[in-house]
Amino acid sequence: MARSSKSTPGVAPPPPSDPYIDPDSEVYAGFVDLVARIRSGQTEGITELYEIFVTGIRFYLCRQLGAQELEDKVHDTFLTVLQAIQRGEVREPERLMGFVRTVVRRHVAAHIEKMMTVRRDQTGLDPNIRVADPHDNPEEKAARHQRLTLIRQVLAELDEKDREVLKRFYLYEQSQEQICEEMELTETQFRLLKSRAKARFGELGKKKLANKQNANIAMRISASSAH
Amino acid sequence: MPKGLSFKSHPSEDLLEEYAFQRLAGEQVAPLEEHLLACSSCQEALAEIDEYLVLMKRGTAQTAVSPAREPRRSWWRGWMPNRMPNLAPAFAAKWAHNWAWTAAGAVACLAAAILLSHRPVPIAPVPIALVSFRGSETITAPRGAPLELQLDPGDSSSPADYRIEIVTAAGKRVWNGEAKLKPPASGGGLANGKLEAAKLEADVTPGLGKGLYWVRLYESEKLRSETGLLIQ
């Protein structure tokens, strides 16, 4: 099923009717088989487990802890999951996703606790400590700057009231209910404004990308005709 | 997506947005995070939402300071028509134009007078006591201000040569100078209920730029201590 609220200009996405999520019985049944195969020592089961979860584990850990030493953490977490399955510690194989989540969360908590302990026990500031630079590299920086310019353009096209709505939602993180109440908006008006701004951002981004590609093609043509 | 694993339903964009804002209740977070662990399309969607939220936050923060599309108007242009509604518009505009030039001249004269009478005011040095305790906060000092560093000479009572060196986090020396041993005002007795001790003092001028520095204390050219100093 497609995601339920893709932004379309002029059309307000439907209100979030979930709390997600339909239990996907087929997926759950597949996990029972997968766990059984890993327990019986089939290596293709391990490969499948890796393919299913390693991207998600990496994504979760990166989001929670940042990119520093990420691959080591992903490896440790995956190994914990795998060893637990091999030892038969997964009592409900159909709930494998929940088990993996628990393991990942424990790893995140353990890492944070470890970092706190290290920081607390440091007797002084050690000049030899190397900390990863959290800043973007020049390419990422340029891309982000470009996207920020697009956002500014989108915001500049809005009138003061619409900008105020977005500011309250994104900057001050007010809830939809609070904004609608204080600014006398209906839920549909609010959702429409939000989705329009997002769609406009995507539209401008695509236009910019298309212009860039056209410029590249033109450069290639002119370069080849010069030979 | 690996073979044999495809989901029939996915969380909505709104739900992912609420998750990104960390507004979901615990019972909503668990199934969503489980799904995210195995669904690459939702991971991509959430990454996009994260990025969009950051951009929107920055974008709206900037418009909060300088509203876009709002043409900047001189305050007097807004003021004039209100005060002279019955005057012919052409006359009002001319009057306003002349008045503005007069005002601008007056402001320029005033600015010149202020600049000519300006004398650089010496900035008082900021006393910074460099002491370190296990697990304590980093010592901070203001950027650009001269510093009066105060250090504890320890139990050494010898009239040694003390030197202080300040280096950047990368180890580059930015200041080097003598530290003077200052005997306690009370001669080593009690003052305000505390036992006073001798201090080493060094005046660091000019002030330091923003960043993390290390203050090294040498006694007869032997390194005695090193303390972190954060300039903000």
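This is a predicted model: local features need pLDDT of at least 70, side-chain atom pairs count only at pLDDT 80 or more; totals for chains, interfaces and linings use all residues.

Residues are numbered from 1 along each chain as its sequence is written, chains are lettered from A and ligands numbered from 1 in the order in which they are written, and side-chain values use heavy atoms, with hydrogens and water left out.

**Aromatic pairs**

- Over all chains there are eight aromatic pairs (rings of Phe, Tyr and Trp, the last by its six-membered ring, with centres within 6.5 Å; planes under 30 degrees apart are stacked, over 60 edge-to-face, and the rest tilted).
- Tyr170(A) and Tyr52(B) form an edge-to-face pair, because their planes stand at 85°, with the ring centres 5.8 Å apart.
- This pair joins two chains, since Tyr170(A) belongs to helix 6 (residues 160–171) of chain A and Tyr52(B) to helix 3 (residues 40–65) of chain B; helices are DSSP runs of H or I with at least four residues, numbered from the N terminus.
- Tyr170(A) is buried at a relative accessible area of 1%, and Tyr52(B) is buried at 3% (buried means under 20% relative accessible area, exposed over 50%, partly exposed in between, with a 1.4 Å probe and protein chains only).
- Tyr52(B) also pairs with Phe201(A) in a tilted arrangement, 5.5 Å centre to centre with 50° between the planes.
- That contact again crosses between chains, with Phe201(A) located in helix 8 (residues 187–226) of chain A; Phe201(A) is buried, at 14% relative accessibility.
- A cluster linked by ring pairs contains Phe169(A), Tyr170(A), Phe190(A), Phe201(A), Phe21(B) and Tyr52(B).

**Charges over rings**

- Lys198(A) places its charged end over the ring of Tyr52(B), 4.9 Å from the centre (NZ of Lys or CZ of Arg within 6 Å of the ring centre and within 35 degrees of the ring normal).
- Phe21(B), another member of the ring cluster, has Arg23(B) over its face at 4.2 Å from the ring centre.

**Salt bridges**

- The count over all chains is 25 salt bridges (a side-chain nitrogen of Lys or Arg within 4 Å of a carboxyl oxygen of Asp or Glu).
- Glu51(B) and Arg144(A) form one of them, at 3.6 Å from N to O.
- The partners join two chains, because Glu51(B) lies in helix 3 of chain B and Arg144(A) in helix 5 (residues 138–157) of chain A; Arg144(A) is partly exposed at 21% relative accessibility.
- Arg163(A) bridges to Glu160(A) at 2.8 Å, N to O, and the two are separated by about one helical turn because they are three residues apart in helix 6 of chain A.
- Arg163(A) is buried at 6% relative accessible area, whereas Glu160(A) is partly exposed at 41%.
- Arg168(A) and Glu164(A) form a salt bridge whose closest N and O atoms are 3.1 Å apart; they are four residues apart in helix 6 of chain A, and therefore separated by about one helical turn.
- Arg168(A) is buried at 15% relative accessibility, whereas Glu164(A) is partly exposed at 23%.
- Salt bridges with shared partners connect Asp33(A), Arg37(A), Glu44(A) and Glu48(A) in one network.
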